[in-house]
Amino acid sequence: MMQKVSSQKRLMILFSIIMVLLLVASYLFIVYPSLDRINMLNSQIQVEKTFIETAGKKINAQNDDQEEVSIHTAPKGKKTDRIVLDLRKAENDAKSDIQEILLQQDNAGPSDNGGNEGQESFSVLQSFTFSVLVNAPNLDSINTFIDTVEQSERFYKILSMETASGGENTKSLTYQLEVKTYHYK
């Protein structure tokens, strides 16, 4: 009987050792590689987040010079409010409908120091280009729209005009104007 108890103890100890070895082996071969993979994926996520932030900053820097203005909402700044008011007047005079306005700050113009070192420039003239997509009922409305823009108080230079759609069989014409104006920085 003593031998039986002793052999049962040995069997229990052997079984316990085997269980501990199985647990250690499963940790080393299953859990540890999974934890390592999780850490690697977390580091890849951080790299991707950094890439996304950098790309977002580059896109924002490129889009800082462009802003879309709806003719039906308030302008975002002083330099665009007069443009929107002039375009709104032209829209009403021509009985047209402005579909879209895309504004873009040009980087052309004199440098900040005006070429004279030591002298500070108080204002810099910068060009400001925008395009307007307009839907007009007929050619006379197009002419009225252009005349109203050109005769407004602010100086506007129409760079180009493209017909987006329309023709002899349609009731209205859609065209896009590219216009340049100037403002002081």
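Colleague: Why does R88 count as partly exposed?

Modeller: This is a predicted model, and the values come from its atoms. R88 has 29% relative accessibility. Buried means under 20%, and exposed means over 50%. R88 falls in between, so it counts as partly exposed.

Colleague: What makes R88 and E91 a salt bridge?

Modeller: Their side chains meet at 3.1 Å, N to O. The cut-off is 4 Å, between a side-chain nitrogen of Lys or Arg and a carboxyl oxygen of Asp or Glu. The pair passes, so the name applies. Side chains of opposite charge can pair when their charged atoms come close.

Colleague: How far apart are R88 and E91 in helix α2?

Modeller: They are 3 residues apart, which means about one helical turn between them.

Colleague: Is E91 buried or exposed?

Modeller: E91 is buried. Its relative accessible area is 4%, and the limit for buried is under 20%.

Colleague: How many salt bridges does the structure hold?

Modeller: It holds 3. One of them joins R82 and D86, at 3.1 Å, N to O. Both residues lie in helix α2, which spans residues 78-94. They sit 4 residues apart, about one turn of the helix.

Colleague: Why is D86 called buried?

Modeller: D86 has 6% relative accessibility. That is under 20%, so D86 is buried.

Colleague: What makes D93 and K89 a salt bridge?

Modeller: The N to O distance is 2.8 Å. That is within 4 Å, so the pair qualifies. D93 and K89 both lie in helix α2, 4 residues apart.

Colleague: Why are D93 and K89 called partly exposed?

Modeller: D93 has a relative accessible area of 36%. K89 has 47%.

Colleague: Where is confidence lowest, and where is it highest?

Modeller: Strand β1, residues 66-69, is lowest, at a mean pLDDT of 50. Helix α3, residues 139-150, is highest, at 89. The mean for the protein chain is 77, and 74% of its residues reach 70 or more.

Colleague: Over which residues does pLDDT stay under 50?

Modeller: Residues 69-76 are one such stretch, with 16 contacts beyond four places in sequence. Residues 108-120 are another, with 11 such contacts. Where pLDDT is low, the predicted coordinates should not be read in detail.

How values were computed:
Residues numbered from 1 in each chain as written. Predicted model: local features only at pLDDT ≥ 70, side-chain atom pairs only at ≥ 80, totals over all residues. Heavy atoms only, no water. pLDDT = per-residue confidence, 0-100. Helix = DSSP H or I, 4+ residues; strand = E, 2+ residues; numbered from the N terminus. Contact = heavy atoms within 4.5 Å. Buried < 20%, exposed > 50% of the residue type's maximum accessible area, 1.4 Å probe, protein only.
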